[in-house]
Protein chains: 4
Amino acid sequence: MAGSTFGNIFKITTWGESHGKGIGVVIDGCPAGLALCEEDIQTYLDRRKPGQSRYTTQRKESDSAEILSGIFEGKTTGTPISMVVFNQDQRSRDYGDIANYYRPGHADYTFDTKYGFRDYRGGGRSSGRETIGRVAAGAVAAKLLAQMGISFTTYTKSIGPVEISSFDPDEIGQNPLYMPDSSAAKKAQEYLEDCMKLKDSSGGMIECVIEGLPAGIGDPVFEKLDANLAKAILSIGAVKGFEIGDGFAAAHASGSTNNDSFYITDTGETAKATNHSGGVLGGISDGSSIVFRAAIKPTPSIASTQKTVNKSGENIEISIHGRHDPIIVPRAVVVVESMAALTICDALLLNMTARLDRICDFYKKS
Amino acid sequence: MAGSTFGNIFKITTWGESHGKGIGVVIDGCPAGLALCEEDIQTYLDRRKPGQSRYTTQRKESDSAEILSGIFEGKTTGTPISMVVFNQDQRSRDYGDIANYYRPGHADYTFDTKYGFRDYRGGGRSSGRETIGRVAAGAVAAKLLAQMGISFTTYTKSIGPVEISSFDPDEIGQNPLYMPDSSAAKKAQEYLEDCMKLKDSSGGMIECVIEGLPAGIGDPVFEKLDANLAKAILSIGAVKGFEIGDGFAAAHASGSTNNDSFYITDTGETAKATNHSGGVLGGISDGSSIVFRAAIKPTPSIASTQKTVNKSGENIEISIHGRHDPIIVPRAVVVVESMAALTICDALLLNMTARLDRICDFYKKS
Amino acid sequence: MAGSTFGNIFKITTWGESHGKGIGVVIDGCPAGLALCEEDIQTYLDRRKPGQSRYTTQRKESDSAEILSGIFEGKTTGTPISMVVFNQDQRSRDYGDIANYYRPGHADYTFDTKYGFRDYRGGGRSSGRETIGRVAAGAVAAKLLAQMGISFTTYTKSIGPVEISSFDPDEIGQNPLYMPDSSAAKKAQEYLEDCMKLKDSSGGMIECVIEGLPAGIGDPVFEKLDANLAKAILSIGAVKGFEIGDGFAAAHASGSTNNDSFYITDTGETAKATNHSGGVLGGISDGSSIVFRAAIKPTPSIASTQKTVNKSGENIEISIHGRHDPIIVPRAVVVVESMAALTICDALLLNMTARLDRICDFYKKS
Amino acid sequence: MAGSTFGNIFKITTWGESHGKGIGVVIDGCPAGLALCEEDIQTYLDRRKPGQSRYTTQRKESDSAEILSGIFEGKTTGTPISMVVFNQDQRSRDYGDIANYYRPGHADYTFDTKYGFRDYRGGGRSSGRETIGRVAAGAVAAKLLAQMGISFTTYTKSIGPVEISSFDPDEIGQNPLYMPDSSAAKKAQEYLEDCMKLKDSSGGMIECVIEGLPAGIGDPVFEKLDANLAKAILSIGAVKGFEIGDGFAAAHASGSTNNDSFYITDTGETAKATNHSGGVLGGISDGSSIVFRAAIKPTPSIASTQKTVNKSGENIEISIHGRHDPIIVPRAVVVVESMAALTICDALLLNMTARLDRICDFYKKS
C-alpha cells in the first residue's frame with residue numbers, strides 16, 4: 001500500500017533511500033500566501049543533521065534542502081511544494097554481508113518477507129534518513145502555525161536511567177542531547193560514554209509541549225487529535241510508546257485526582273486548574289497546552305556481537321560496524337516536533353468546516 | 001471533518017448518540033463469502049453490555065444487533081453491511097443541569113467550543129455507547145481473521161494499583177473484571193469497593209496479544225502497523241497511552257538487551273528468540289505475537305463533589321449522579337480487541353498488493 | 001474495495017439492497033447548526049418515488065425517510081447523520097430464474113464474476129433503489145448550499161429523439177417527465193407510448209444548472225471541480241456520458257469561438273460575456289453558472305425477447321416481466337441534482353483552507 | 001485542498017510549474033519486483049514532447065526523466081518512485097503583461113480568485129507541462145499492466161470537423177496527429193493550416209481502447225470503473241466531455257438496440273455479441289474491451305485579438321504571442337492513455353480483496 005503519505009488537507013508524501021540519489025518530500029495542500037524560503041527548512045534540518053556531537057553518527061552530510069516548486073515571489077502559491085536533499089556521502093563500499101543477513105532490531109527481515117527483496121544499502125527506505133522529508137515538511141507546518149501563535153517546545157526527557165529534574169527552555173539548544181536540564185545532560189553524557197565503551201546503545205524519552213492551540217481542534221471518534229498524534233509519533237522508526245497528559249500514570253490514578261476542574265479566569269475565560277488531560281478532552285483540544293511523550297528504543301545497530309540468521313537459513317553471529325548513533329533520541333527530537341506540527345496543522349485546517357455559521361461568515365467576507 | 005470513518009479497504013463508519021434512536025455502523029469493503037449472522041455480532045456485543053456486574057453502569061440495555069444489509073443466504077456479498085442497535089433505555093428525565101455546565105474530564109466543553117452546542121443527553125456522541133458500532137464491526141473483522149488462523153487474547157492487565165502476576169487465559173471470562181489471574185481479580189474487586197465507598201473511580205491497563213499473524217503485514221513510513229494500532233487504540237475515549245512490546249521500558253533499556261535475536265527453528269523457519277519488539281519491526285509484522293497495552297484513565301463521572309463552570313461563566317460545584325461505571329476497563333477490553341481486529345484486517349488486505357509476482361499469480365488463477 | 005463512500009469533508013456512505021430490509025445513508029462531516037427535519041429529506045425523495053406516472057415502475061413504496069442520529073433540537077450537531085428508508089414492497093416471489101441467468105445490460109454477470117455470487121432479488125445492490133441514499137444525502141447538501149445562495153435547476157433535456165426547444169423553469173414540475181418545455185414533454189410522452197407498445201425502452205439526457213456558486217471553488221490537477229462532477233454523475237447507474245459547458249461540441253469548435261471573453265460589469269465585477277466553459281476554468285469555478293449534461297442509456301429491463309446465457313453455460317432466450325420503468329430519465333433527474341449538490345458542497349468546504357490570510361482571519365474571529 | 005494526488009493503492013502525487021525548476025511525480029504503492037528503467041519512462045514522455053511537428057509548441061525541451069528513488073538492482077522495491085524532469089527552456093523574459101490580465105479560456109482568473117495570486121510564468125501549475133508527471137507515472141502503470149496482458153490503443157479520433165473513417169493501428173505513430181487513418185490525418189493537417197492562417201486553434205476528440213482486462217474489475221456505487229475513468233480524463237486540462245461505449249448516442253437509443261446479448265463462445269466462455277456498454281456493466285468490467293472518448297476544447301491561446309480585463313478592473317484587448325499549440329489533441333493522446341492506465345492499475349489492485357476464498361488462497365500460498 002501507499003504508506004508514504006500523511007495528512008488530509010495539509011498532505012505530505014516522502015520518498016528516498018539512505019544511499020539512493022536523495023531524500024525528498026512533496027507537500028500538497030499548503031495554503032497560499034505563506035512566506036517561505038530554503039533557510040526556513042534548513043533551520044529545522046540542521047537540528048537532525050548527523051555529525052554534530054560524538055553521540056550521533058559521523059556520516060558527513062550537509063543535508064541541504066532545495067525547494068523545487070510551489071513558491072513564487074517568496075510565497076507559497078497553494079500548489080505542491082517539492083523539496084529535496086541530495087545525498088552526498090554515498091561511499092561505494094562492499095555491502096555484501098548486510099545483504100545476506102538480518103540485523104536484530106532492524107527491518108531487514110520484515111522488508112524481505114514483504115517485498116521479496118530490499119535495498120540493503122544503509123537500511124534503504126527504513127533508514128533514519130527517511131525522516132528528512134518529515135522534518136522539511138514539519139518546518140513548513142510549524143511556520144504556518146506560528147502565524148497563529150502556536151508554538152512547540154520539544155526536548156529529551158530521559159536517556160537510559162537519567163531523567164530531567166528541572167526545566168530551562170533556554171538550555172535545550174545548549175547541550176548536544178537537547179535536554180532542558182544541564183545537570184541531567186551531563187549525567188546522561190556520562191551514561192552514554194559507558195554505553196559506547198560497552199559497544200552498546202541507549203533508549204530514551206522525548207516530550208513535546210504545544211502552546212497556543214485554541215480549544216475545539218480535533219475531531220470526535222476516529223480522528224481524535226490525540227489518536228492522530230499517536231499515529232504520527234509511532235510512525236517514527238524506533239518509537240515504542242506514546243502517552244498524552246498523565247498517560248500511563250492515569251491507569252493508576254483515581255477520578256478525583258485525574259479530573260481537571262474548570263474555572264473562570266480573571267478575564268472571564270474558561271480554563272482548567274490542572275492539565276492531567278494533556279490538553280485534549282474527547283479527542284478535541286481543550287485550550288490547555290498539549291503535552292505528550294514518546295518512548296524511543298535503543299539504537300539497534302550495536303558493535304557488540306549478536307546472534308542472527310542469514311538468507312541461507314543458517315544461524316550466525318555478527319557485529320555491526322560503521323557510523324551509528326549510540327542514542328537516537330537527540331536527533332529524533334526535531335522529528336517528533338515535525339510530526340506534531342504536521343498533525344496539528346492538518347487538524348486546524350480541517351476544523352474550519354465544523355460550524356455552518358462560520359462557513360457562512362467565511363463566504364460572505366471572501 | 002468526517003471523523004467517524006476508520007480503515008482503507010475494510011472501512012467502517014459509525015453513527016449514533018447515547019440517548020438517540022440507536023447506534024450503528026456500516027462496514028464497507030468486507031470481502032464476499034464470509035458466513036455471518038447476528039449471533040456472531042451479539043457474542044461480541046455481550047462482552048461490553050452494561051449491567052453485568054456491580055462495577056459497570058446499571059443502565060438496562062439488551063444491546064441487540066440487527067443486520068440490515070450486505071448478507072445474502074447467510075454470507076457477506078461484498079456490499080456494505082449495515083448494523084444497528086436500537087436504544088431502549090431512553091428514560092425521559094430532566095437534563096437541564098447537565099446542559100448548562102461542563103463536567104470535568106468529559107468532552108462537554110470541547111464539543112460546545114467546536115460545534116457551538118451539543119447533544120448533552122448522556123454524553124451524546126462522546127458517550128461510551130459510541131463504541132457499540134466499533135464492537136459490532138470488530139466482530140466481523142475478527143471472524144474474517146479467524147479464517148486465516150489469526151486470534152486475539154485481550155484482558156485487563158491492571159486496575160488501579162493491582163496488576164496481574166499470573167496468566168491463565170481460561171480465567172479471563174470467569175471474573176467480572178476480565179483478568180487472567182483470579183487472585184489479582186479478587187484484590188482488584190476489593191480495591192473497587194473502596195473506590196465506590198469514596199464516590200471515586202479507578203483507571204487501569206488492558207493488554208492485547210495477537211497470534212497467527214504472518215510476517216510482512218503493515219507498511220513502511222506512515223502506515224506502520226504499530227502506528228495504526230496506536231491510532232486505533234487512542235481513538236477509544238479514555239485511553240491516554242499506548243505501547244507495543246517493551247514500550248516505555250525500552251526507553252530505559254540498552255540495545256544489547258532490547259534487540260531480539262533471530263534463529264532458525266527445527267523446522268527451518270526464521271524466528272525470534274525473544275519478543276521485545278512486540279511483533280513489529282520497521283512497522284511490519286515480524287511473525288512473533290503482536291503484544292500491546294493501553295492505559296485507561298479513571299471514569300470521569302464520579303459522585304463526589306467537583307468544581308467546574310457553567311455556560312453563564314460562573315464557577316460552580318457539582319456532583320454527578322446516575323448510572324456510571326466506577327471502572328471502564330472491563331467493558332473496554334472488547335473495544336480494544338475490536339479496534340485491533342479492524343486494524344489488522346485492513347493491513348492484511350492492503351498487503352495483498354505488495355509484490356508483482358503474487359499479483360500476477362492471483363490474476364492467473366482467478 | 002469500499003466503493004460506497006463519496007466525498008472528503010462532507011462524506012456519505014450508502015448501504016442497502018433493493019429487496020433487503022432497507023436502504024440508508026450516513027452523512028459524516030455535515031457542519032453543525034443546519035436546521036434539518038425529515039420533511040427536508042422527503043421532499044427530495046418524493047421526486048424519485050416510484051409509481052408517480054405510467055412511465056415509471058409501478059412498485060408501491062412510500063419511501064419514507066427516517067433520521068436516526070446527528071440532529072438535536074432541530075439542528076445538525078456535526079456528528080454523523082444516519083438516515084434510513086425501510087423497504088415495504090418486498091413481495092415474496094419466485095426469483096429462481098433470475099438467479100440463474102444474466103440479464104443483458106445489467107450488472108448480474110459482473111457481480112457474479114467479481115464476488116462469486118450475488119443478491120439477485122430485484123438487482124440487489126445494483127438496483128436503482130441504491131440511489132435513495134444519494135438523494136437523502138443530496139437533500140441535506142442542497143439545503144446547506146441554499147444558505148449560501150447556491151441553487152440547482154435540473155431537468156430532462158431529451159428523451160429518445162425528442163429534445164426541448166424552449167425553457168420554462170416553472171414547467172419542470174408540471175409534467176411527469178420533468179421537462180422545462182410542455183410541448184416537448186407531450187411529444188416525448190407519445191414517443192414513450194410507442195416504446196411501451198414495442199416492449200422497448202428509451203434513453204435520454206439530463207441537464208443541470210448551478211447558480212450562485214462563487215468563483216474559486218474546486219482544486220487544480222486531479223481534484224478539478226468538473227472532474228469530480230464527472231465522477232459523481234458517471235457513478236449513477238445507466239449514465240454513459242458527461243459533458244460540461246459546450247462539451248463534445250467544443251471538439252468541433254475553434255478557439256476564437258470557444259473562448260469566453262471577460263469584461264467588467266456595471267458594478268465593477270469581473271464577468272464572462274459567454275459561458276462556453278460551463279462555469280469552470282482550470283478545474284475551478286469561474287463565477288458563471290455551472291452547466292453540465294448526462295447521457296442516460298435506455299432501461300435495460302425490457303419485455304421483448306432477448307438472447308443471453310445462464311450459469312450452466314447455455315445460450316438461452318429470456319423476456320423480463322415485472323415492474324420496470326420504460327424510461328429512467330425522469331426519476332434520475334433528482335439523483336443527478338443530488339450528486340451535483342454533494343460534489344459542490346464538498347468542494348466549497350475544502351476551499352476554505354486555500355489561503356493563509358483567510359485562515360488567520362477565521363481563527364482571529366472564532 | 002491537496003488536489004495533486006490520484007489513486008488509492010497505486011497512488012501518484014505530481015508537482016511543478018511550467019517555468020519553475022522542474023516537473024515531477026512520486027508514485028507510492030507500486031508493487032515490488034517490476035523491472036523499470038528511465039528508458040521505460042522516456043518512451044512515454046517522448047510521445048508528448050514539444051517541438052515534434054509544426055502543430056505543437058516550438059518550445060525546446062528534451063524532457064528527460066530521471067528516477068531518484070524506489071528502484072534497486074533494476075526493479076521497483078515497493079517504496080516510493082520519485083521521478084523528475086528538470087525544465088531547460090526557462091527563457092528569462094518580460095512576463096509583465098500576462099501577470100496583470102486574465103487570458104480567456106485559461107485558469108488565470110480562477111487561480112487569482114482562489115489563491116490571491118498566481119505563478120503567471122507560462123501558466124504556472126495550470127500549464128500543459130503539469131501532465132509530464134502524469135505521463136511518467138502512466139508509463140509505470142502501463143508497464144505493470146502489460147505483465148498481465150492488458151494493453152492500450154489511444155489515438156486522435158477527430159480534429160475540428162475531420163473524423164477518422166478507417167482504423168489502422170500501425171498508422172497511429174506514422175503521422176504527427178496520431179490518427180489511425182492516413183487520409184483523415186492529411187485532411188486534418190490541411191484544416192490546421194487554415195486555423196493557423198486565421199490565428200485560430202482547433203478542438204478534437206481522443207479515443208482509447210483497453211484490451212485484456214478481465215471481467216470483475218471496478219467497484220459498485222461510487223467507485224465504478226467508468227466513474228473513475230471519467231474523473232481521470234476530465235482532470236486533464238482542456239477536456240470538456242467523457243463518454244464510454246455508445247456514450248451520448250445511448251441517450252437516443254432504445255433498450256433493444258443498446259443491450260448487449262451474452263453468448264457462450266466455442267471455448268465455453270461467456271462473451272458479449274456487441275459492445276455498446278464499452279466494456280463496463282454496473283461499474284465493473286465485463287470482459288469486453290473498454291472503449292471511451294474524450295472531447296478536447298481548442299487551445300485557448302490564440303494569436304488573434306481577444307477582449308478581456310486586467311487586474312485594475314479595466315476592459316482591454318489582447319493578442320497572445322509565443323509558443324503555443326494550434327491543437328492540443330495529438331500531445332494529449334498519451335496523457336489520456338496514462339490517466340487510463342493509472343485508473344485501471346488502481347482498480348486491478350483494489351479488486352484483489354473482493355472475495356474471501358481468494359484472500360485465503362493468497363495467504364495460504366505466500
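Predicted model: local features only at pLDDT ≥ 70, side-chain atom pairs only at ≥ 80, totals over all residues.
**Exercise 1. Count the salt bridges over all chains, then find one that joins chains C and B.**

Start with the rule: a salt bridge needs a side-chain nitrogen of Lys or Arg within 4 Å of a carboxyl oxygen of Asp or Glu. By this rule the count over all chains comes to 89. Side chains of opposite charge can pair when their charged atoms come close. C:E66 sits in strand β4 (residues 66-67) of chain C, while B:K21 lies in the loop between β2 (11-16) and β3 (22-28) of chain B. Strands here are DSSP runs of E with at least two residues, helices are runs of H or I with at least four, and both are numbered from the N terminus.

Residues are numbered from 1 along each chain as its sequence is written, chains are lettered from A and ligands numbered from 1 in the order in which they are written, and side-chain values use heavy atoms, with hydrogens and water left out.

**Exercise 2. Describe the interface of chain A with chain B, and then that of chain D with chain B.**

First, the contacts, meaning heavy atoms within 4.5 Å. Between chains A and B, 107 residues of chain A touch 107 residues of chain B.

Next, the buried area, which is the accessible area (1.4 Å probe) that two parts lose on being put together, summed over both. For chains A and B this is about 8,200 Å², with 62% from carbon and sulfur atoms.

Then the charges: four salt bridges cross between chain A and chain B. A:K114 also forms a salt bridge with B:D219, where the closest N and O atoms are 3.9 Å apart.

Now take chains D and B. Here 27 residues of chain D contact 27 residues of chain B, and about 2,600 Å² is buried, 74% of it from carbon and sulfur atoms. On the chain D side, D:M352, D:L356 and D:Y363 lose the most area to chain B, together 27% of what that side buries.

**Exercise 3. How are α6(A) and α6(B) oriented to each other, and which residues meet?**

Begin with the geometry. Both helices span residues 225-234, and they pack at an angle of about 165° with their axes 8 Å apart. Axes are lines fitted to C-alpha atoms, for helices over the stretch in contact, and angles run from 0 to 180 degrees between N-to-C directions. Angles under 35 degrees count as roughly parallel, over 145 as roughly antiparallel, 65 to 115 as roughly perpendicular and the rest as oblique. The two helices are therefore roughly antiparallel to each other.

Finish with the residues. D226, A227, N228, A230, K231 and L234 of α6 take part on both sides, in chain A and in chain B. By class, this contact has six nonpolar, two polar and four charged residues. Ala, Val, Leu, Ile, Met, Phe, Trp, Tyr, Cys and Pro count as nonpolar, Asp, Glu, Lys and Arg as charged, and the others, Gly among them, as polar.
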